[in-house]
Amino acid sequence: MSNPAAIRQNVTEKMESALEHLKRDLAGLRTGRASVALFDGVRVDYYGTMTPLKQVASISTPEARLITIHPWEPNLIKEIEKALSGSGLGITPSNDGKVIRVPLPPLTEERRKELSKICKKHGEDTKVVVRGFRRDGNEDLKKLQKDGKLTEDELRKSEADTQKLTDQYIQKIDDVVKKKEQEIMEV
């Protein structure tokens, strides 16, 4: 990196990427409501290739606690049911020969607390990643200063800017985690 602005841009992009990754991870956590994002990690054996479920079927939520899956090829029903049963989501799919229905039972209080802890852990892990990006950015800034491309005052100002950016992303992470925890704890 050749200047503080380029370093800041790089750190910002990495932090934004970490935040988006957290949002995707949390979308896969089951809340009390039906959500197609629940199946983002489910892969189906499609003629010998493990393929994301959404690429072999349409997924919809006709009711708050029901998800329907319409395979594009009827012969995939058994494979989709097998993938859902082995997904670790704790769901029981059923089918009528054309459509797979996945009723979502209400979450128990114990399961809600467990999911809330998982949610917090994802948030903390993301904060660690963001702080690592801050450290990397500050090291790049120190290299610039050592190479004579940055004065001591510019270094301190740039490090302070990086810290402000880090604080903003830590707050965004906290907000995302808090929102997801509220969804999980809703009855």
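**Exercise 1.** Which residues line the largest cavity?

*Solution.* The model is a predicted one. Start with the search of the whole structure, which finds 1 cavity of 30 Å³ or more. Next, take its volume: the largest cavity holds about 30 Å³ of space. Then list the lining, which consists of Val36, Phe39, Asp40, Val42, Pro52, Leu53, Lys54 and Ile59. Finally, sort these residues by class: 6 are nonpolar, 2 are charged and no polar residue is present.

**Exercise 2.** State the volume of the second largest pocket and describe its lining.

*Solution.* The volume of the second largest pocket is about 160 Å³. Its lining is made up of Arg24, Asp25, Gly28, Ala37, Leu38, Asp40, Gly41, Val42, Ser87 and Leu89. Divided by class, the lining of this pocket has 4 nonpolar, 3 polar and 3 charged residues.

**Exercise 3.** In what order do the strands of the open sheet of 4 strands lie?

*Solution.* The order is β3-β4-β6-β5, and the pairing is antiparallel. The edges are formed by β3 and β5 (94–95), each of which pairs on one side only. Now go through the pairings of β4.

- Strand β3 (residues 57–63) pairs with β4 in the antiparallel sense over 5 bridges.
- Between β3 and β4 there are 2 residues, and the two strands form a hairpin.
- Isoleucine 59 faces isoleucine 69 of β4, and serine 60 faces threonine 68 of β4.
- β4 is joined to strand β6 (residues 100–103) by 4 bridges, and these two strands run antiparallel.
- Leucine 66 has proline 103 in β6 as its bridge partner.

**Exercise 4.** How many residues of strand β4 are buried?

*Solution.* Strand β4 covers residues 66–71. A residue is buried if its relative accessible area is under 20%. In β4, 5 of the 6 residues are buried, and the strand is therefore described as mostly covered.

**Exercise 5.** Why is the pair of tyrosine 46 and tyrosine 47 edge-to-face?

*Solution.* A pair of aromatic rings is described by the distance of the centres and the angle of the planes. The count gives 1 aromatic pair. In this pair, the ring centres of tyrosine 46 and tyrosine 47 are 4.8 Å apart and the planes stand at 65 degrees, so the pair is edge-to-face. The cut-offs behind this step are centres within 6.5 Å and planes over 60 degrees apart.

Tyrosine 46 is partly exposed, because its relative accessible area is 28%. Tyrosine 47 is exposed, because its relative accessible area is 58%.

**Exercise 6.** Where is tyrosine 47 found, and what is its phi?

*Solution.* Tyrosine 47 lies in the loop between β1 (43–46) and β2 (49–52). Most residues other than glycine have a negative phi. Tyrosine 47 is not a glycine, yet its phi is positive, at about 50 degrees.

**Exercise 7.** Over the ring of which tyrosine does the charged end of lysine 172 sit?

*Solution.* The ring belongs to tyrosine 169, and the charged end of lysine 172 sits 4.4 Å from the centre of this ring.

Technical notes:
Residues are numbered from 1 along each chain as its sequence is written. This is a predicted model: local features need pLDDT of at least 70, side-chain atom pairs count only at pLDDT 80 or more; totals for chains, interfaces and linings use all residues. Side-chain values use heavy atoms; hydrogens and water are left out. Rings of Phe, Tyr and Trp (its six-membered ring) pair if their centres lie within 6.5 Å; planes under 30 degrees apart count as stacked, over 60 as edge-to-face and the rest as tilted. Buried means under 20% relative accessible area, exposed over 50%, partly exposed in between (1.4 Å probe, protein chains only). A charge sits over a ring if NZ of Lys or CZ of Arg is within 6 Å of the ring centre and within 35 degrees of the ring normal. On a 1 Å grid over the protein atoms alone, a cavity is a set of points where a 1.4 Å probe fits but cannot get out, and a pocket is an open set with protein on both sides within 12 Å along at least five of seven lines; lining residues have an atom within 4 Å of a point. Grid points are joined across faces, edges and corners, and a volume is the space filled by probe spheres set on the points. Ala, Val, Leu, Ile, Met, Phe, Trp, Tyr, Cys and Pro count as nonpolar, Asp, Glu, Lys and Arg as charged, and the others, Gly among them, as polar. Two strands pair if DSSP finds at least two bridges between them.
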